[in-house]
Amino acid sequence: MFEIERDQIRKTYQLCRIGFFLLTISLVPACILSLLGMVGLLGNHQLFNQVVDSPWTQWVSTVSVWGSLVGAMMLWGRWDHKSWQRRTGLLLVMCMVDLVVWFMDRGENQAPGQPDWFRSNLGQALGWAEFALMSSLSGDYLVHLGLTQAEDSARSTRSLAATGAVVWLLMFCELTHWDGGWPLRRRNLNMHGWLLFLGSELIWTITLIQVTALVIAALRQSNRTLTEMENEDHDHELLRFPAESPRQDVLFTAQSQSLGREL
């Protein structure tokens, strides 16, 4: 894919490994929380309310926002391809918007009142796009490292993210009170809105798991590739002819002198 000097490409792999490691840290807690919320929605609404109101939700949100931002920064500029640069740059911009929303949410939590409906949905809208970008970047990186089957997995994940974005948009339009002016507020939950909300959350959880699996695969393949490069360098050093030691030089000189006397 890229013809770069060995040391430079090793450093690139190392930085990509750090980036995917940070993305893994940001996604795995969100997966666990999303699974617990989904179990609560399908079986125990009290569990869902406990998950939403739990302090762990704020902690996971903080880890996800900052981990995704720093991880995107580590991936940005690693390769010279315009497509990679464009996608990582867009992901970085979206993560910065998430950070602004996170700061606004922290300020709102200090004041009474209902959470802002539009701002909470803006974060979810960006989440669908971020899922598509992360899966695309992870898939291309894995293909570059030799896992060609990752391209199909990344493509199916992007398709699922697009489907989830459409369902979320329908839910947002159904549950938003458009005649109430600005700021937008949520309507009372009806049957159509409930089904759309449930479908959106279900697709969100599945997509999140698939994206996390791709990012973890990219991290593991980075470790494997760097280990193979270190082993190859070690084997190359063993196959090289050792340089003559000072002791060998002394023995060679002594043998030459002895031969000269005999002649």
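At what angle do α1 and α5 pack, and how far apart are their axes? In this predicted model, the angle is about 140 degrees and the axes lie 13 Å apart. An angle over 145 degrees would count as roughly antiparallel, and α1 and α5 are therefore oblique to each other. Their crossing is left-handed. On the α1 side the contact is made by Tyr13, Cys16, Phe20, Leu23 and Leu27, which meet Met134, Leu137, Ser138, Tyr141 and His144 of α5. Sorted by class, the residues of this contact come out as 8 nonpolar, 2 polar and no charged.

Stepping back to the whole chain, there are 8 helices and 2 strands. Read from the N terminus, the order of elements is α-α-α-α-α-α-β-β-α-α. The chain has 263 residues, and 38% of them count as buried. Among contacts with a separation of 6 or more, 76% come from residues 24 or more positions apart.

Back to α1, this time with α3 as its partner. Helix α1 covers residues 6–42 and helix α3 covers residues 55–75; their axes come within 8 Å and cross at roughly 160 degrees. That puts the pair past the 145-degree cut-off, so α1 and α3 are roughly antiparallel to each other. Here, too, α1 passes its partner in a left-handed crossing. The α1 residues that meet α3 include Leu15, Ile18, Gly19, Leu22, Ile25, Pro29 and Leu33, and those on the α3 side include Trp59, Val60, Val63, Gly67, Val70, Gly71 and Met74. The class count for the α1 and α3 contact is 17 nonpolar, 7 polar and no charged residues. Cys16, Phe20 and Leu23 of α1 are among the residues that meet α3, and these three also turn up in the contact with α5.

As for α3 itself, its 21 residues reach 30 Å from the first C-alpha to the last, close to the 30 Å expected at 1.5 Å a residue. Its buried residues are Thr57, Val60, Val63, Ser64, Val65, Gly67, Ser68, Leu69, Gly71, Ala72 and Leu75.

Buried positions in α6 are Ala150, Ala154, Thr157, Ala161, Gly164, Val167, Trp168, Met171, Phe172 and Leu175. Glu151 also sits in α6, which runs over residues 150–175. At 40% relative accessibility, Glu151 counts as partly exposed, and its C-alpha is 8.3 Å from that of Ser136, 15 residues away along the chain.

Key
Residues numbered from 1 in each chain as written. Predicted model: local features only at pLDDT ≥ 70, side-chain atom pairs only at ≥ 80, totals over all residues. Heavy atoms only, no water. Axes fitted to C-alpha atoms, helices over the stretch in contact; angles between N-to-C directions. Helix = DSSP H or I, 4+ residues; strand = E, 2+ residues; numbered from the N terminus. Parallel < 35°, antiparallel > 145°, perpendicular 65-115°, else oblique. Left-handed = near helix turned anticlockwise from the far one by under 90°. Contact = heavy atoms within 4.5 Å. Nonpolar A, V, L, I, M, F, W, Y, C, P; charged D, E, K, R; others polar. Expected span 1.5 Å × (residues − 1). Buried < 20%, exposed > 50% of the residue type's maximum accessible area, 1.4 Å probe, protein only.
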